[in-house]
Amino acid sequence: MAIRSQLDLRAVQNAYGNHMQNALSKAGDDIDLDVEKTRKLQEVAETKARRELQTGILKSQQLKGLIVPSETEFESLNLYAQDMSRQLVDQYSTLVSSLEKNEIDSNQFAQQASIIQMQVPQIKNFVSGLEERASAWSAGLKGNTLSLANPPENESFFAAVAQNRGEFGMDENGVLVYQGKTEAGEDFSFPANKLQDIPVPIKKVESFVEMSDPLVDTLLKPKAYFNEITGKEELRTVDKQSKDYERAVRQAFDAFLGADDDTANSKLRSLAADHVGMTRDQIKDAINDTNYEGPSGETFANRLEYEMEKHFVQTVDENYEATKYKNWKQAQEDLQMQKMYQQSQLAREAAWQGKTQTERAQYQTAKYMKDLSSPTEDLNSWVSGAGASVLRTFEKDTKDPDSGVQIPAGSIVIKDRGGKNLLITAEIAQDPNKLASFLSTRLYSLPPYMQSFNYKSTTPKDISPIKKITNFLTGKK
């Protein structure tokens, strides 16, 4: 019995050990599974957060693209741009929310988002276009560069824009328009999708003479031409009767008008109103007379173009002749001046040859001294040029021990090239013209009739000439 009992207990222990081992193994597996689940949930959360961040960035960029600039100088345009930006952002945000709630699918979202985004360039174009034209009118008004060809109703409209009398709204047909009243109480209304209907201010163009000046200068500038008779190149200007002249004039007028019809008509209107004196009614009649045939059979866009080109051709012809004569007259004057100069040179050379060696040396000396600065400013150059030097300056009254003569303050003693001392009194030393004359006579032996000095004293009142000379000699500042 004892042996059997012992065997049974051992079996029980083995069974329990296996059970615990299995339980621990299962617990370990459960823990591993929980760790995997936690890691998986963390990865999902990180991925979601990262994607939400990217989605937020994309939304921000997309919403930013819906903002219409509102930094014009006109309040009504700024208010409209700000209001439309808010509306577009709200519409887009609602659309995104509907997509997130699965109320619409991605195709519907893309279609409706495209419609919203297409409105942005339309609004921007209208606002920027209206601002550009109103700003041009405002600048022209301030600079007095507006043409008389601008109709009064157009100027009243731009004045209303500048005074913020316009606003955006819907007309009776449900069309978005920019509308308001002028200061005189006249109504205006322009569809927001028809920028081309808004007038463009006409700027005053340069006169016919100003237009023709560069062309005439070019025509009268000598160019090299090959002479078939002589077989040589010759310099000559463009002859007024030549085909080259006629071609150049017409090309210049065409270049002035440009390729754009609206711009060309504005320039023609300005020429007519500002430089010919035509009334707006006359201009209107002439510009409406389209496909106008000139006397030579050439067809013009309208009668106004023909008449303005005729004025231009006439102005170029007159300017050509006037400038040609002016150039000829100037050439004659230049030739005369050259002859007079040559004669003067010959006379000077003859006079120079007739002078003695001493006189020539004196003239050279006078020329040298003429190039010097004032002696009160640069005494050293005057003195050293004659081989002399400044021996002493007197800052206070001093009695000469040898002669007993009282030397006043401000006097200067100069030693000439021969070793002789020359006393310059304060009265002379402080006057640049007297000092120059003294030095010319005593140091350079220049006769009075060759002396001509007209210096202005530049010495500050608080620094006397003698003090300045002393500072220079001692190296003080």
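Gly 180 stands opposite Phe 188 in E3. Strands here are DSSP runs of E with at least two residues, helices are runs of H or I with at least four, and both are numbered from the N terminus; two strands pair if DSSP finds at least two bridges between them.

This is a predicted model, in which local features need pLDDT of at least 70 and side-chain atom pairs count only at pLDDT 80 or more, while totals for chains, interfaces and linings use all residues. Residues are numbered from 1 along each chain as its sequence is written, and side-chain values use heavy atoms, with hydrogens and water left out.

E2 and E3 are part of an open sheet of 3 strands with the order E1-E2-E3 and antiparallel pairing. Strand E1 (166-170) and strand E3 (187-191) are at the edges with a single partner strand each, so one side of each has no neighbour in the sheet. On average, neighbouring strands of this sheet are turned by 30° against each other, direction ignored.

## Hairpin E4-E5

Strand E4 (residues 223-227) pairs with strand E5 (residues 232-236) in the antiparallel sense, over 5 bridges. Phe 226 is placed opposite Glu 233 in E5. The hairpin has 4 residues between the strands, and Gly 231 takes a positive phi near 75°.

## Helix pair H5-H6

Helix H5 (residues 208-219) packs with helix H6 (residues 243-257) at an angle of about 150°, and their axes are 11 Å apart. Axes are lines fitted to C-alpha atoms, for helices over the stretch in contact, and angles run from 0 to 180 degrees between N-to-C directions.

From H5, Met 211, Leu 215 and Leu 219 meet Tyr 245, Ala 248, Val 249, Ala 252, Phe 253 and Phe 256 in H6 (contact means heavy atoms within 4.5 Å). The residues of this contact divide into 9 nonpolar, no polar and no charged. The classes are nonpolar (Ala, Val, Leu, Ile, Met, Phe, Trp, Tyr, Cys and Pro), charged (Asp, Glu, Lys and Arg) and polar (the others, Gly among them).

## Largest pocket

The largest pocket has a volume of about 600 Å³. Of the 20 residues that line it, Pro 199, Val 200, Ile 202, Asp 262 and Ser 266 are the closest to its centre. Helix H4 (152-162) and helix H7 (261-276) are the elements that give two or more residues to the lining. H7 gives the most, with 6 residues. By class, the lining has 8 nonpolar, 5 polar and 7 charged residues.

On a 1 Å grid over the protein atoms alone, where a 1.4 Å probe is fitted, a pocket is an open set of points with protein on both sides within 12 Å along at least five of seven lines, and lining residues have an atom within 4 Å of a point. Points are joined across faces, edges and corners, and a volume is the space filled by probe spheres set on them.

## Sheet E8-E11-E12

Another open sheet has 3 strands in the order E8-E11-E12, with antiparallel pairing. Strand E8 (389-393) and strand E12 (421-424) are its edge strands, each pairing on one side only. Strand E11 (residues 412-415) pairs with E12 over 4 bridges in the antiparallel sense, and Lys 415 stands opposite Asn 421 in E12. Helix H13 (residues 432-442) lies across E11 and E12 and runs at about 160° to E12.
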